[in-house]
Amino acid sequence: MNKYEKYKKVDSSWINNIPSSWRISKVNSIFEERREKVSDKEYEPLSVTKMGVLRQLENVAKTNSGDNRKKVLKNDFVINSRSDRKGSSGLSEYNGSVSLINIVLMIKSEYPKYLHYLLKSVLFQEEFYRNGKGIVADLWSTNYQNMKNISLPIPSFSEQ
């Protein structure tokens, strides 16, 4: 981007302006939700943390429903839907499984590392939770239906 590049206004609650060569796309045009249920016996259990998607940590609470998990494949973006886990998300480097509280997103065509950077940003995290629902702060969550219409700024593939 050079200092003479033009910008265009964006009709979004979390983005004001983007370079004129970029486009705005909704979450559901960039991602598809992966909802396939699997067992942690077949697919390694993973933890979704503020540091990203990791092999399941020893010190975390584990569920007894190991047969009721969501499948994750390498380069899926996984985000914890609960507000008390704000910022717990990332691009998976592993094939595995996560608890049902997580949203697993398959990337359709964009550069995975750009989307990781964008969705890990504080501004996106705030927008994600603003689109959620709940009765009190610690029971607030956002599901795919709530987030699918969030606007994302998308540069050309070479810029990504």
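Reader: In which sense do β5 and strand β8 pair, and over how many bridges?

Author: Strands of a sheet pair through backbone hydrogen bonds, either parallel or antiparallel. Here β5 and β8 (residues 69-72) pair in the antiparallel sense over 2 bridges. Two strands count as paired if DSSP finds at least two bridges between them. Strands (E, at least two residues) and helices (H or I, at least four) are DSSP runs, numbered from the N terminus. In β8, R69 is the bridge partner of V38.

This is a predicted model, in which local features need pLDDT of at least 70 and side-chain atom pairs count only at pLDDT 80 or more, while totals for chains, interfaces and linings use all residues. Residues are numbered from 1 along each chain as its sequence is written, and side-chain values use heavy atoms, with hydrogens and water left out.

Reader: What is the order of the strands in the open sheet that holds β5 and β8?

Author: The order is β5-β8-β11, with antiparallel pairing among the 3 strands. The edge strands β5 (37-38) and β11 (96-98) each pair on one side only.

Reader: Which strands form the open sheet of 4 strands, and which stand at its edges?

Author: That sheet has the order β4-β12-β9-β10, and its pairing is antiparallel. At the edges stand β4 (31-34) and β10 (89-91); each has a single partner strand, so one side of each is left without a neighbour in the sheet. On average, neighbouring strands of this sheet are turned by 25° against each other, direction ignored. Such angles run from 0 to 180 degrees between N-to-C directions, and the axes are lines fitted to C-alpha atoms, for helices over the stretch in contact.

Reader: Where does helix α2 lie, and which of its residues are buried?

Author: An α-helix has 3.6 residues a turn, so residues three or four places apart point the same way. Helix α2 (residues 112-119) lies across β4, β9, β10 and β12 (102-107), and runs at about 165° to β10. P112, Y114, L115, L118 and L119 are its buried residues. Buried means under 20% relative accessible area, exposed over 50%, and partly exposed in between (1.4 Å probe, protein chains only). Seen down the axis of α2, the buried residues fall within an arc of 160°, so they line one face of the helix; the arc is that of the directions from the helix axis to the C-beta atoms. K113 and Y117, on the other side of α2, are exposed.

Reader: How is β6 joined to β7, and what covers the reading of its two faces?

Author: A hairpin joins β6 to β7 through 2 residues. Strands β6 (residues 46-49) and β7 (residues 52-55) pair in the antiparallel sense over 4 bridges. V48 stands opposite V53, and the bridge partner of L46 is R55. Both faces of β6 are covered, with L46 and V48 buried on one side and S47 and T49 buried on the other.

Reader: What does the side chain of T142 reach, and which residues does T142 touch?

Author: A polar contact is a pair of N or O atoms within 3.5 Å; within protein, one must be able to donate a hydrogen and the other to accept it, and residues adjacent in sequence count only if both atoms are side-chain atoms. T142 lies in the loop between α3 (122-130) and α4 (144-147). The residue is buried, with a relative accessible area of 1%. Its side chain reaches the backbone oxygen of F128 at 3.0 Å. Leaving aside residues up to four places away in sequence, T142 touches S81, I103, F128, Y129, N131, G132 and M147, where contact means heavy atoms within 4.5 Å.

Reader: Is S12 buried or exposed?

Author: S12 counts as buried, at 19% relative accessibility. This residue lies in the loop between β1 (7-9) and β2 (17-19), and its side chain reaches the backbone nitrogen of W14 at 3.3 Å.
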